[in-house]
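Hi,

Here is the structure I promised to pass on.

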There are 2 protein chains.
Amino acid sequence: MKVGILGIGLIGGSLALSARKHIPDVEIYGLDQNEDHLDRSLVIKLIDFKLNDADLKLMDLLLIAIPVDAASKQIVSLLDEVHDNGLVIDFGSTKAAICDRVALHPKRGQFLATHPIAGTEFSGPDAAMENLFLNKTQILCETQNTRPDLLEWAENWFRKMGMQIRPMDPVEHDQHIAYVSHLSHISSFMLGKTVVEKEKNEKTIFEMAGSGFESTVRLAKSSPDMWIPIFNQNKDNILETLSEYINNLNQFKNLLEANDYDKLYEQIGEINGIREILEGINKTSKH
Amino acid sequence: MKVGILGIGLIGGSLALSARKHIPDVEIYGLDQNEDHLDRSLVIKLIDFKLNDADLKLMDLLLIAIPVDAASKQIVSLLDEVHDNGLVIDFGSTKAAICDRVALHPKRGQFLATHPIAGTEFSGPDAAMENLFLNKTQILCETQNTRPDLLEWAENWFRKMGMQIRPMDPVEHDQHIAYVSHLSHISSFMLGKTVVEKEKNEKTIFEMAGSGFESTVRLAKSSPDMWIPIFNQNKDNILETLSEYINNLNQFKNLLEANDYDKLYEQIGEINGIREILEGINKTSKH
């Protein structure tokens, strides 16, 4: 089976490792805008060959793991190229735009929109991990529009990787993910900005910052190449979550200015309920 | 040597373990407002005895690991009680208020204000860890006002625990710590609030939240008993950092509304510089 991967970074590289492990007689072709990354992925054997435009029609499986704006731009021509039994799977962090783009494509049945809830703050082929997808949720959108035989094959592969499959409407996906992922990234980026602007003396940050600071700014290391297109594509939902977050921060500030510590105490007691939610996440990811 | 510990939680309990390990012939007396915690700390042998008011004058070392408002209230009478060669050490997250409170006390030389940059989001005696302080920074304030023989003893003990000692002015401490610790906690509390208010269906959070969300809201599990007094005592510095954070979030929002993705890209590229800062933190904490 010939597998073509667009984007050999954290996700694409980890998909290459999963394909190597779970797909018999696999040949992996890769493409990356960054020539150094592409060469590196050949050296560390994530891929077997570079993927040329002329090879596209030979691929049985095309995996799209590039920034979401590039994915939306290229999806139509990729579907045009793919042979009649090939499957094109997208792995981006936004789902409504790409589902919209392919809605009327004659080969719509050969497309599957997914979002694996898996990642780290690192990027590039060396960030690839064989177990990145183990015990993670794999969101599938508009499965009714994917050809049943191709859908079944894909679901089997995801299950072999140890993923839990969760069907979801693409518009709902983009709303929810703005809260539980995109907002976390913005809060972390801006926290990093605020501290670095103020604390010009980095030595003081080194010495005074503990694990709490590290934990909250970890995501501020994430690449703008991935995130700016996400902010663009999910702009409306992100603006809504961001407004609510800023409102909550302003409310906290007002309560602090008014010395209303009773109300702040009550609020934080309620927020502590997140403990059970986080335990739920861990429980989910252990099964 | 008789050691009295006020507050047998994460910090006080870990200090008990460190005292047991590094102080010869130690007898540990403990006090906690929470009777269950106090009983538990006897059961798991963090402490040897309960500390009664009448015992205070017998203690050679008094360690204060209670919320910062209670510490400021009690410090004067604790110094009043301690015998002429006893040392009282405070371990709270704010330093200006308590240093102010004892400035004119006749036994000022028997007091040492510290802030160990160490902790987790857990609390209570079972959260105590023998290695909590290993490779962590220990900030000491106004060391010139502590009796040299007592200061030397304390510094030796901290070094035995594996801590790096860093003298700092208490007012400067409170300014810096607002950025690298207190703001992280507020950003995390409010992120938790925003997501939980919106995502009433917890199952969706469980399934869609990845490690990024977990990392940014981890601190939202922190206890209000500890944090409300900190917000109160460091109010002015926190309001300043919080205003800057909210400004940065509003600026991000404005750029997103204006579709100024070039500027956002540039900003996030700069913020990625936090990578080196975080590596610095890890490097520091490994030595």
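Into which domains is chain A divided? Domain 1 of chain A covers 2–168 and domain 2 covers 173–286, with bounds that come from an automatic or database domain assignment.

Before the rest, some housekeeping. This is a predicted model, where local features need pLDDT of at least 70, side-chain atom pairs count only at pLDDT 80 or more, and totals for chains, interfaces and linings use all residues. Residues are numbered from 1 along each chain as its sequence is written, while chains are lettered from A and ligands numbered from 1 in the order in which they are written.

Within chain A, the C-alpha centres of domain 1 and domain 2 lie 30 Å apart. Between them, 16 residues of domain 1 of chain A are in contact with 18 residues of domain 2 of chain A (in contact meaning C-beta atoms, placed from the backbone, within 7 Å).

Now the two chains. The contact takes 79 residues from chain A and 79 residues from chain B. On the side of chain A that touches chain B, the largest share, 20 residues, comes from α6(A) (helices being DSSP runs of H or I, at least four residues, numbered from the N terminus).

As for symmetry, a rotation of 180° with 0.0 Å of shift along its axis superposes chain A on chain B, RMSD 0.0 Å (least squares on the C-alpha atoms of residues with pLDDT of at least 70 in both). That is the relation of a two-fold axis. A:Thr216 is the residue of chain A that comes closest to the rotation axis, at 2.2 Å (C-alpha). Also, 100% of the interface residues of chain A are interface residues in chain B too, so the copies meet through the same surface.

Cheers

Terms used. Contact = placed C-beta atoms within 7 Å. Helix = DSSP H or I, 4+ residues; strand = E, 2+ residues; numbered from the N terminus.
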